[in-house]
Amino acid sequence: MIKVFIPDYFVPERSYIVRILLAHYCGAEIEIIPKANQEHYELIWDDKSIIIQDHFFSKIPKGESYLEAKYIPEKIIPTQSLGLDHILLLYGDEHLEITRDKIVCHVDMFGGAFFMLTRWEEAVIKVKDSHDRFAAASAALVKSGNILRPVVDEYTALLRYWLLTLGYPLKAEVAEYKVVPTCDVDTPYYWRNKPTWKILAKGFRRNPFRFRKALKESKSVSKGEAQDPYDKFEYLMNLAEKSGLRFQFNMIGGGKTKYERNYHIDDDHIKLLMHKMIARGHEVGVHPSYASFKDQAMIEKEKAAVSNSSGIQVTSSRQHYLRFDIPKTWRYLASAGIKTDSTLGYAAEPGFRCGTCKPFPVFDIYQREELQLTERPLLIMDVSFRFYKKYTIEQSIALSQKIIEQAKKHNGELVILWHNSSLSEIDGWNGWNEVLEYALH
Ligand SMILES: [Zn+2]
């Protein structure tokens with residue numbers, strides 16, 4: 001048992017991050033003890049100790065909030081000193097002392113990890129992108145060129161190493177690298193169940209002179225003579241199953257904007273599709289609609305709709321368009337009974353938005369408490385490559401490889417999002433399945 005003495009202010013925040021790093025990630029048994037006049041985080045067991053200096057919470061004047069732009073790290077740089085393993089410095093300085101029984105580290109790993117995992121910078125920075133999202137370009141980690149560094153996992157690895165070096169009996173890590181393939185079902189079918197005028201409009205948009213062909217195509221799909229260009233579910237399930245994996249298919253359960261009117265969750269053919277997925281051991285999650293990220297009742301309603309229609313109790317989710325409001329969306333999801341969210345990756349930048357590739361219980365910075373919800377950060381998404389970064393297939397594979405390497409190194413999870421529509425030749429996705437297959441391999 002490690003006794004962890006912490007200063008007696010910002011206690012919920014400090015307790016949370018100490019618990020996540022030492023107990024949740026390292027698997028150490030700890031007792032957290034807030035103490036008056038305690039300056040730093042002090043880990044003590046037997047005659048051993050590790051002191052992690054506090055260079056974040058201690059800098060906030062008494063009675064003030066840390067939720068201000070001026071407390072966001074100005075720069076994030078890799079450390080150079082021997083023994084720090086090049087971890088990124090967010091708060092503190094590079095100093096490190098190692099003796100036989102004691103380690104003193106001036107890099108505030110707890111303050112830095114708290115910054116990354118709670119995503120509090122997203123609540124502080126009010127500038128948003130065209131979908132009212134916190135933009136990758138505003139993030140300190142992205143600005144410093146470190147989006148491909150899982151900062152928190154690197155901290156965890158170093159803490160683990162120090163605990164073992166000082167003889168603390170940590171158990172071997174049980175988590176293993178794992179691929180978590182997911183598919184947000186925004187548009188299950190291209191032609192199917194569309195009124196004729198929509199079919200003609202779609203055909204016209206593709207090629208004004210060939211809308212007769214569109215009508216013909218749609219007819220042969222509805223007669224079952226041809227496959228719908230977006231109907232790639234069989235391919236996705238087969239692909240996952242070949243590697244012993246299962247997809248998480250996130251279904252839209254409501255919403256009234258132009259971004260989600262492609263199907264209704266109670267349609268018979270959608271129910272049939274979900275039953276097939278479930279029967280083959282794949283998971284059905286909810287994909288809360290465009291406007292839901294600021295609306296608790298909407299999230300609850302849509303989660304209930306997907307649960308009712310699929311016949312299973314849905315506990316996983318991802319927000320449509322990755323729209324998220326820290327920390328409110330987490331809170332709404334938790335109160336709707338969602339156990340795992342998987343929204344937090346940037347549309348514009350594949351990589352480690354939360355500084356980790358491992359699932360973690362989330363913290364509500366306003367209510368100052370841990371929620372009954374796990375975030376499973378999204379690392380890779382199809383449209384990020386093709387539309388945001390404007391990469392070729394080869395470049396996308398090369399970037400995926402870098403992310404996969406990190407996830408493997410830290411025994412983390414490679415959460416990948418591939419839309420069924422992003423496998424369709426009709427929208428120019430020819431050959432892009434190579435990227436997905438590379439990641440799932
Ligand atoms: Zn979506």
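**A sheet and its surroundings**

Guide: Start with a pair of residues: Gly-92 has Val-107, in strand 8, as its bridge partner. This is a predicted model, where local features need pLDDT of at least 70, side-chain atom pairs count only at pLDDT 80 or more, and totals for chains, interfaces and linings use all residues. Residue numbers start from 1 along each chain, as its sequence is written. Strands here are DSSP runs of E with at least two residues, helices are runs of H or I with at least four, and both are numbered from the N terminus.

Now a second pair. Strand 7 and strand 8 (residues 102–107) run antiparallel, joined by four bridges. Two strands count as paired if DSSP finds at least two bridges between them.

Strand 8 has another partner. Strand 4 (residues 48–52) pairs with strand 8 over four bridges, this time in the parallel sense. There, Ile-51 stands opposite Val-104 of strand 8. Strands of a sheet pair through backbone hydrogen bonds, either parallel or antiparallel.

One loop deserves a stop. Asp-46 sits in the loop between strand 3 (41–45) and strand 4. Its phi is near 45°, a positive value in a residue other than glycine.

Next, the helices. The axes of helix 1 and helix 2 come within 10 Å and cross at roughly 95°. So helix 1 is roughly perpendicular to helix 2. An axis is a line fitted to C-alpha atoms, for helices over the stretch in contact, and angles between N-to-C directions run from 0 to 180 degrees. Angles of 65 to 115 degrees count as roughly perpendicular, under 35 as roughly parallel, over 145 as roughly antiparallel and the rest as oblique.

Which residues of helix 1 and helix 2 meet? Helix 1 brings Glu-13, Arg-14, Ile-17, Val-18, Ile-20 and Leu-21, and helix 2 brings Phe-110, Ala-113, Phe-114 and Leu-117. By class, this contact of helix 1 with helix 2 has eight nonpolar, no polar and two charged residues. Contact needs C-beta atoms, placed from the backbone, that lie within 7 Å. Nonpolar covers Ala, Val, Leu, Ile, Met, Phe, Trp, Tyr, Cys and Pro; charged covers Asp, Glu, Lys and Arg; the others, Gly among them, are polar.

Helix 2 (residues 109–118) also packs on helix 5 (residues 151–165), at an angle of about 150° and with the axes 9 Å apart. Therefore helix 2 is roughly antiparallel to helix 5. The crossing of helix 2 past helix 5 is left-handed. That means the near helix is turned anticlockwise from the far one by less than a right angle; if clockwise, the crossing is right-handed. On the helix 2 side are Met-109, Gly-112, Ala-113, Met-116 and Leu-117, and they meet Val-151, Val-152, Tyr-155 and Leu-159 in helix 5. This contact of helix 2 with helix 5 has eight nonpolar residues, one polar and no charged.

The domain assignment gives domain 1 (2–165) and domain 2 (178–190 + 228–440). Such bounds come from an automatic or database assignment. The centres of the two domains, taken over C-alpha atoms, are 29 Å apart. Between them, 30 residues of domain 1 are in contact with 28 residues of domain 2. On the domain 1 side, the elements giving two or more residues are helix 1 (11–25), helix 2, helix 3 (120–124), helix 4 (140–143) and helix 5. Helix 1 gives the largest share, six residues. The domain 1 side that touches domain 2 divides into 20 nonpolar, three polar and seven charged residues.

Key. Contact = placed C-beta atoms within 7 Å.
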